[in-house]
Amino acid sequence: MELQKRIDLMQHEVRRVSFNPPQGFDEMIFYPLGIGNRRSNPFSDRIDRILVISPFLSESRLDSFASLGKGATLISRLDSLEKIKADSLRQFSDIYYLKEEFVVQEDSSEFIDPGQGQIDIEKENFAVLDENPQGLHAKLYVADAGGQGRIWTGSANATDAAFQGNIEFLVELRGRKKFCGIDAILNGGKEAKDETEAGLRTLLDPFTINGGPTVDEMESLKHLADKVRNALIQSNLAAHVSMDGDDHFSISMEGRSPVLPEEATVKCRPITLQKSRAICFSSIPGALAEFRHLQDNEISAFFAFESTIILEEKRLADGFVLKLPLTGAPEDRTERVLRALLKDKSQVLRLMLLLLSLDGRSDPGGLIVGPGRTNGGNWASQGMIPLFECMIRALARDQRRLDDLNHLIQDLRSHPDTKDLLPDRIDEIWEPIWEARKMIGGDEHDKT
């Protein structure tokens, strides 16, 4: 409910924002794609020539781009270009890929920590790690239109899925072709005479079209890995917490038994556990996975999965994260975790500054003093001055941060083990700030 309120507030406020184009551009247009029945064509209006930069490609979408104007240019990854039929590529006058020295090499680890991944908001409960983190990632489209240059940037790859199914977003910027046209992007605004000219072209190698697409030997394994992901997503998995004795807990994974490829084995674990504590996922009804003897701070709704595909002596490891509905967790789990993490007043002070920091830093100005260096009632030595400054800043710019801080203070005060962890003399600065917050109004301050 609170998340929905914040989303509603954002969409209400963004309608009133006056967006100014960046310096050098005259116009800016937004294109949301794939939302409801909305169908907009970002590439309408005049296009004389187009440059397509995209890491992933589909042949029919390339055909569509090549039909826009004359002398189209394509830049992509070498492995993506090698999968496209020659007839589709021949429609482009120039085709390039990044030079090898500018390609960041892939991490050798087979399974990246899921904490480094990102939650897929579109699916709400599914996060997938990029299976190919090296190389080109930019999605950029540039067009010449008379004396005007048009640039589209955003999340949409040059694929049918991006423009006909996925939820994507593009922003178009328009300006003078001399400064933002295709030549300006490729050659630094000059006609390229050699590789000493500034521009994107100096980072590129030309691509030679061969007779047919290159077959990816790992494609069949990737297809099986996708089947594993989809089977798990569609199984309506859920996690249930129960007491395990001695103040410990168990988490059992429940749901429909997924049909997994016989070439695949799957391990899973709450992301709070080390990889060594992952267990094999079972397809037997009622025994999908169970984790015993857990501390309360090891309970999590996020589960890391690692599938291993072995086919014809080839092996592929694929990692991803699912957020599962969680039931049975102790009602006071948040407070118990908080008490376990906060050991002294210095840590509490750091947490307070983290909640209030408007720029995401946990130690604004580097003024926090570590344990053993406090000096009784000396405000400066205890970090109270930066705390007060952050409170004032939050009061002026984002009162919800003060609401979060109030929840923390009330939680700490409500338990005998943590009430003495609050910084000395905190009430002297907190009470007037909180009174001012209540005068401003809002939903949160009425709860305490």
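1. Start with the pair α11 and α12. In this predicted model, the axes of these two helices come within 6 Å and cross at roughly 130°. Angles over 145 degrees would count as roughly antiparallel, and 65 to 115 as roughly perpendicular; α11 and α12 are therefore oblique to each other.

2. Now look at which residues meet there. From α11 come Met391, Ala394, Leu395, Ala396 and Arg397, and they meet Gln399, Arg401, Leu402 and Leu405 of α12. Sorted by class, this contact has 6 nonpolar, 1 polar and 2 charged residues.

3. Helix α13 has 15 residues and spans 21 Å from first C-alpha to last, close to the 21 Å expected at 1.5 Å a residue. Its buried residues are Ile426, Ile429, Trp430, Ile433, Trp434 and Arg437. Looking down the axis of α13, you will find these buried residues within an arc of 120°, so they line one face of the helix.

4. Helix α10 has 12 residues and reaches 17 Å between its first and last C-alpha, close to the 16 Å expected. Here Ser346, Val348, Leu349, Met352, Leu353 and Leu356 are buried. Viewed down the axis of α10, the buried residues fall within an arc of 160°, so they too line one face of their helix. What covers them includes α11, α12 and α13.

Notes: Residues numbered from 1 in each chain as written. Predicted model: local features only at pLDDT ≥ 70, side-chain atom pairs only at ≥ 80, totals over all residues. Heavy atoms only, no water. Helix = DSSP H or I, 4+ residues; strand = E, 2+ residues; numbered from the N terminus. Expected span 1.5 Å × (residues − 1). Buried < 20%, exposed > 50% of the residue type's maximum accessible area, 1.4 Å probe, protein only. Arc of directions from axis to C-beta. Axes fitted to C-alpha atoms, helices over the stretch in contact; angles between N-to-C directions. Parallel < 35°, antiparallel > 145°, perpendicular 65-115°, else oblique. Contact = heavy atoms within 4.5 Å. Nonpolar A, V, L, I, M, F, W, Y, C, P; charged D, E, K, R; others polar.
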